[in-house]
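The structure itself is shown first.

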Protein chains: 2
Amino acid sequence: MVHYQEEQRLDRTFAALADPTRRGMLERVSAGSASIGELAAPFGITLTGARKHVRVLEEAELMSTEKVGRTRLCSLGPRRLDDLQEWIDGYRRTLAARLDRLDEFLKETKGEQRWQASRQRPC
Amino acid sequence: MVHYQEEQRLDRTFAALADPTRRGMLERVSAGSASIGELAAPFGITLTGARKHVRVLEEAELMSTEKVGRTRLCSLGPRRLDDLQEWIDGYRRTLAARLDRLDEFLKETKGEQRWQASRQRPC
DNA sequence: GCTATACTGAACCATATGGTTCACTATCAG
DNA sequence: CTGATAGTGAACCATATGGTTCAGTATAGC
């Protein structure tokens with residue numbers, strides 16, 4: 001498939017955001033960069049556990065990190081989530097179109113005495 | 001946490017969308033309702049496998065199904081993805097704010113001879 | 001009534017995920 | 001130099017995920 005890479009990117013992004021701990025870490029980091037320890041503490045998980053989450057976020061390019069001294073500084077990555085937004089926009093447009101079709105269908109059938117089981121479904 | 005249910009809903013939604021097969025099924029169904037068999041075929045998976053994906057989408061309320069005769073009619077669910085959109089909007093606003101702060105920071109420090117290591121980071 | 005079709009549920013499998021512990025390295029502070 | 005601190009990597013564990021097969025049930029069509 002042509003869009004294979006984009007598909008993969010969507011996979012990684014949606015998956016990264018599917019975990020509440022990771023979303024929490026993004027929120028924490030959006031208030032200012034933090035160390036692994038600072039990210040681990042509020043969730044009561046180990047440094048190792050936190051590091052794993054951070055790596056997932058890095059791979060989705062939602063976070064970027066830099067080792068400074070013995071601590072790792074984690075900050076928000078540059079991603080605007082444009083591709084994800086695009087997918088959602090497409091989906092919502094589809095949904096809107098579907099509702100429009102339903103609307104038309106209801107108008108069309110208004111006044112008919114009975115619902116015909118054999119009638120074409122609107123969606 | 002107060003927002004526990006919403007958190008869970010976000011979890012389920014992001015997770016449901018993280019799989020390319022499921023996104024494909026949503027796209028297929030957005031063109032008109034389809035049976036389990038019709039959803040399975042393009043991905044070369046079994047009916048059982050397809051049914052599992054459909055169930056995940058149902059639980060995320062992205063798809064709704066109805067058993068008619070011996071086939072199960074799958075159509076788009078009513079969800080507008082509003083909560084997900086809201087989360088993403090918040091994230092993007094944060095990102096924008098972060099870039100603004102960086103911008104100010106760069107203006108502030110313009111003309112200073114040297115980068116001071118001890119200086120407050122912009123983000 | 002009989003047969004083909006459409007789906008379902010249980011059992012199973014391999015891999016991924018989210019977490020741990022423990023031993024280790026690297027740096028900071030005195 | 002020495003001790004405390006911050007993080008890392010490997011090994012491990014339980015559960016979840018994405019898929020299968022196989023034996024059913026229920027309906028459609030003749």
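1. In this predicted model, a base oxygen of DNA strand C is 2.2 Å from an N or O atom in the side chain of A:Lys52. A polar contact here is a pair of N or O atoms within 3.5 Å.

2. Two or more residues each are given to the surface near DNA strand C by α4 (47–59) of chain A and by α3 (36–40), α4 (47–59) and β2 (71–76) of chain B. Helices (H or I, at least four residues) and strands (E, at least two) are DSSP runs, numbered from the N terminus.

3. DNA strand C is surrounded by 22 residues, the closest being A:Thr46, A:Lys52, A:His53, B:Arg70 and B:Arg72. Of the atoms of DNA strand C that come within 4 Å of the protein, 66% belong to sugar and phosphate. A residue is near the strand if one of its heavy atoms lies within 4 Å of it.

4. Chain A is superposed on chain B by a rotation of 180 degrees with 0.0 Å of shift along its axis (RMSD 0.0 Å). The two copies are thus related as by a two-fold rotation axis. Superposition is by least squares on the C-alpha atoms of residues with pLDDT of at least 70 in both.

5. On conventions: residues are numbered from 1 along each chain as its sequence is written, and chains are lettered from A and ligands numbered from 1 in the order in which they are written. Local features need pLDDT of at least 70, side-chain atom pairs count only at pLDDT 80 or more, and totals for chains, interfaces and linings use all residues, while side-chain values use heavy atoms, with hydrogens and water left out.

Conventions. A polar contact is a pair of N or O atoms within 3.5 Å; within protein, one must be able to donate a hydrogen and the other to accept it, and residues adjacent in sequence count only if both atoms are side-chain atoms.
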